[in-house]
Amino acid sequence: MGRKITPLFYRYLLSYVILLLIPILLIGLLDYQRFVGILQEEITLGHRHVLEQARSTFEAKINEMNKIAIEVSSKPELSPYKLNKSMSYALDAKDALRYTAANQFIHNVVLYLKDNPYMYSANTTYPVSAFAETIYQYQNWPSNQFLSDIRNLKKPVLRPAEPVVSKELNSDRTLTYMVPIPYNSASPYGVLLFFVEEDSVTKLLEGTLEERNGNSLILNGDGQIIAAMHHEPYLDSLEFKQAIQRTANGMALQTFNQQTYAISTLKVQHDGSTYVTLLPENDFLNKTKLVKSQFFLSVLILLLIGGVLIFLLMRLNYKPIAQLQIKFHHNKPAARNHLLLLLLRGRIFDEAVFHADGNEVGVVFTKPFYFVVLIDWTAAPFPIDLITEPDIQALEGMLRNCFESYHVDTMDETRNTFICAVSEEEKGEWHRLLQDLHDRLSDFSGNRVTMGVGGLYDDIGQVGKSYIEASTAVDYKLIKGNNTLITYGNIKTDNISSNWYPKEEMELLLQYMQQGDAAKVEQILQGLQGDMQQNRIPMHIARCICYDVVGCMIKTHFALSPLRSDEPYPDVFSLAKFDTMQDLVALVRRICLLVQESKEPAPNQSGAWIAHIEAHYAEHEFSVQRMADYFSVSRSYLNTAFKKLTGQTIMDFLDYYRLERAKQLLIGSDLPLKDVVQRIGYVDVSSFIRKFKQRFHVTPGEFRKLYVQNKEEA
């Protein structure tokens, strides 16, 4: 009998969903903010680390130029004595100043000596008077001021990147680093000028940015920009300078130029310079937002998967569903008959499933009320075996003049079975239509046909019950006589209790069957036997009770024993030959045993699972879910059963087998590591190397070298 999902189902479902929500919400509330904070702190530390690297590299370049200045002051060929004495020493000076060839950071080195009319470089000599006017034209440094500054220079000075026009330069902006010589002398006799193009400095800053929308720059102690990756207009604004001052030494969000930036600063104490990176807030928080999205998506997926699993498991416990797929290639009538037999045997409960399969074999019911008609030919004046297929088709045509009907071959030579359907309007004319049909059949058979009709049902799952009722009605021909129309509703039982029916006992019986509790099942069945004897239950009600018991057995078999679905079990046709309640108890006991056995996986099942893994280990898309689908079991059952039989999870065994195959490929071939990884089903080479080393304590490359070395030594 059909069973609706009671409100208790929803109460249990809600309680399990709440139990799923509690740990997820606790994790979200307690760990989410902490995790995001740690991530932001790591991003901040990462920015500071790259700024430290940029500072260290830039200061190293400054120190190199200071060392060059010290070296220049110690070279005799570059002394004022020789260079002021004769121009013939200018060639020696050019050779002595060739520092740019070994140092790509420096574009040019120029030596200035007081009271000398020329300036010297590795390429040529320049007239002092024309150097800043025509050769290196500074936009913001007039020639007279240039000469005055280098004559009076007492300590090293780094001029920020500025526009300089010169044929010797490749860039429009150049840094000028001036070092008096001798280095750290109170009375220097000259100045060594280093020309560094701004591009050389910005290359040092490239590693500080991960986003294109950001900027990196170096400020001197006066707040002037020594070098910047992007010279944006906002760099000259007062808002920007105030934002840098507020940030001090660390990271902060500052708003200027109508936009919020994440500013990281590193202030150098000994010279007052500051290294700065700027990122728009959205770019800076991209990783955090990505983690937030992934976190909430993971929680949502976990909730959806958990909710679906809970719902499916609840439905499995409360409403087992049996579904049989129809497969046929060439024999459509046989496939149609098979589908109708399933319907008669009570194995189809879902009308949508039946119609989906019925459309493929030409079985379609468009009317909502179903019943079964049995036509008994035992008293016919002609031999029953003379009824041919055309006769049956003609008979089916006669029924279709009254109802929607389909013939079912039940292998009973004395009876023909038809499943019929009527509409709501035809329901009122049902008895008249049946009588007209019987009259036609009587004319056809010479008044020797008995027709039994089961009850009308609007649930397709009750067609099997209507068949039992039709069979019972035909059996009453012993009382009614041949050539009669007998409907189940017209059967009368005098002085017998026909109102009693054990509904509560049937619900308990299904529950204990699904639990595999044979003792309690047998106790209920023994009680039913006593009640039927005490209440003097008529034959047709006893058969209906037996039908419901068998229905419980079928549901239990499909719901709780999917791995043993090939086991035989009784169907409704066996009820006509049912003898004793003891036989039924024995059958039910067997079903309970199957339920208990289905809870433990078969010991030899692991062999098929392992063989499947060995056959498909190289597939990148291999997953436990796909393997479960292949074996038509749930993922959770497959995981649990595999670990119980083998002592390890599926993924652990998969990793083990893949790594063993990798060893064979490393030893037996010269394939590159990337190809080896592809052949064993991995995608990420670094992940493979990590797992290989974790298992064998050497990297794949080391393993191959050790094997070759041992082979050569052998």
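Contact here means heavy atoms within 4.5 Å. This is a predicted model, where local features need pLDDT of at least 70 and side-chain atom pairs count only at pLDDT 80 or more, while totals for chains, interfaces and linings use all residues. Residues are numbered from 1 along each chain as its sequence is written, and side-chain values use heavy atoms, with hydrogens and water left out. Helices (H or I, at least four residues) and strands (E, at least two) are DSSP runs numbered from the N terminus.

**I24 in helix α1**

- I24 sits in helix α1, which covers residues 7–74.
- Skipping its neighbours within four places in sequence, I24 touches V299, L302 and L303.
- Take V299: it is 275 residues away from I24 along the chain, yet their C-alpha atoms are 7.1 Å apart.
- I24 counts as buried because its relative accessibility is 10%. The scale puts buried under 20% relative accessible area, exposed over 50% and partly exposed in between, using a 1.4 Å probe and protein chains only.

**The five-stranded sheet**

- Five strands make an open sheet in the order β14-β15-β13-β16-β17, and the pairing is mixed. Two strands pair if DSSP finds at least two bridges between them.
- The edges belong to β14 (404–408) and β17 (485–487); each has a single partner strand, so one side of each has no neighbour in the sheet.
- On average, neighbouring strands of this sheet are turned by 20 degrees against each other, direction ignored.
- As background, strands of a sheet pair through backbone hydrogen bonds, either parallel or antiparallel.
- β13 (residues 369–376) and β16 (residues 450–453) run antiparallel and are joined by 4 bridges.
- D376 stands opposite T450 of β16.

**Helices across the sheet**

- Helix α10 (residues 332–344) lies across β13, β14 and β15 (415–422), at about 100 degrees to β14.
- Helix α12 (residues 389–400) also lies across β13, β14 and β15, and runs at about 155 degrees to β14.
- For all such angles, axes are lines fitted to C-alpha atoms (for helices, over the stretch in contact), and the angles run from 0 to 180 degrees between N-to-C directions.

- α21 (residues 605–616) and α23 (residues 635–646) have axes that come within 10 Å and cross at roughly 105 degrees. That angle is why α21 counts as roughly perpendicular to α23. The classes are roughly parallel under 35 degrees, roughly antiparallel over 145, roughly perpendicular from 65 to 115 and oblique for the rest.
- On the α21 side, Q605, S606, W609, I610 and I613 meet L638, A641, F642, L645 and T646 of α23.
- The residues of the contact of α21 with α23 split into 7 nonpolar, 3 polar and no charged. Nonpolar covers Ala, Val, Leu, Ile, Met, Phe, Trp, Tyr, Cys and Pro; charged covers Asp, Glu, Lys and Arg; the others, Gly among them, are polar.
- α24 (residues 650–668) and α26 (residues 685–696) have axes that come within 11 Å and cross at roughly 90 degrees, so α24 is roughly perpendicular to α26.
- α24 brings D652, D655, Y656, L659, E660, A662, K663 and L666 to this contact, and α26 brings F688, K691, F692, R695 and F696.
- The residues of the contact of α24 with α26 divide into 7 nonpolar, no polar and 6 charged.

**Salt bridges**

- The structure has 14 salt bridges, each a side-chain nitrogen of Lys or Arg within 4 Å of a carboxyl oxygen of Asp or Glu.
- In α1, E52 and R55 are 3 residues apart, about one turn of the helix, and their side chains form a salt bridge (3.3 Å, N to O). E52, R55 and E59 are linked in a salt-bridge network. E52 is partly exposed, at 28% relative accessibility.
- R432 and D436 pair up at 3.0 Å, N to O. They are about one helical turn apart because 4 residues separate them in α14 (residues 430–445). R432 is partly exposed at 44%, and D436 is partly exposed at 30%.
- E660 and K663, 3 residues apart in α24, form a salt bridge at 4.0 Å, N to O. E660 is partly exposed at 24%, and so is K663 at 22%.
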